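I opened this entry to record what I looked up, one element at a time. The structure I worked from comes first.

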Amino acid sequence: MRALRLDEIWWLVAPANPFKDQRTLAPYEQRLQQAVELTASHPYIHVSDLENVIHSFRTVKTLRHLKKHMAHIDLVWIAGMDIVHHFHHWENAADIVKTIPLAFFERPPLHQGTRRSALTQFAHIPQKRNAGSARHALKAPRILVFRRRHTVNQSATALRNGAAGATKG
């Protein structure tokens, strides 16, 4: 939050993930409740069921809704760097990049070459690596990549599933 100078974070719990085996996902209501519990001590993080409410199963549809109904708010999409590898398969990925600035945070294990090759598809988009204070750079299209000395070596799915203690990398 400090690096991006954000006022708050909205965690939009997705009703489904087309890149995961739906049979292995916990039920939506359970995932939503777990997200609420994980963020209970962080008042600036708001867990939302927006995608379920607007019946959106695609990021681009959710972003269009947010931009239409919240045009006065500067939005940033925050994700783990691990999704970059399949991002180009997302529906209207190019539109997502044009619609909202993207902030990727590295999560181990991630090989340096993998990160570079994953972002090659966005070579035409201004990118800033090791983005420190990046508030000035938050207009789309923009991709920010954050590298941390201390990272949580656990996926959001593992955290929600209550996997034993996250390890720092």
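My notes below go from a helix to a pair of strands and then to the nonpolar cores.

I kept in mind throughout that this is a predicted model.

Helix α1. I looked up which residues of helix α1, residues 28-38, are buried, and I found Tyr28, Arg31, Leu32, Gln34 and Ala35. Seen down the axis of α1, these buried residues fall within an arc of 165°, so they line one face of the helix. On the other side of α1, I noted that Glu29 and Glu37 are exposed. As a reminder to myself, an α-helix has 3.6 residues a turn, so residues three or four places apart point the same way.

Strands β3 and β4. I then turned to strand β3, residues 77-80, which pairs with β4 in the parallel sense over four bridges, and I saw that Gly80 stands opposite Phe105 in β4. Along β4, residues 102-105, Leu102 and Phe104 point one way while Ala103 and Phe105 point the other way, and all of them are buried. In a regular strand the side chains alternate between the two faces of the sheet.

Cores. The largest nonpolar core has 20 residues, and I listed Trp77, Phe87, Ile96 and Leu102 as those with the most contacts inside it. The elements giving two or more residues to this core are α3 (59-69), β3, α4 (84-87), α5 (93-99) and β4. Another core, of five residues, lies apart from it, and Leu4, Val76, Ala103 and Phe105 are among its members.

Conventions
Residues numbered from 1 in each chain as written. Predicted model: local features only at pLDDT ≥ 70, side-chain atom pairs only at ≥ 80, totals over all residues. Heavy atoms only, no water. Buried < 20%, exposed > 50% of the residue type's maximum accessible area, 1.4 Å probe, protein only. Pairing = 2+ DSSP bridges. Core = buried A, V, L, I, M, F, W, Y, C linked by side-chain atoms within 4.5 Å. Arc of directions from axis to C-beta.
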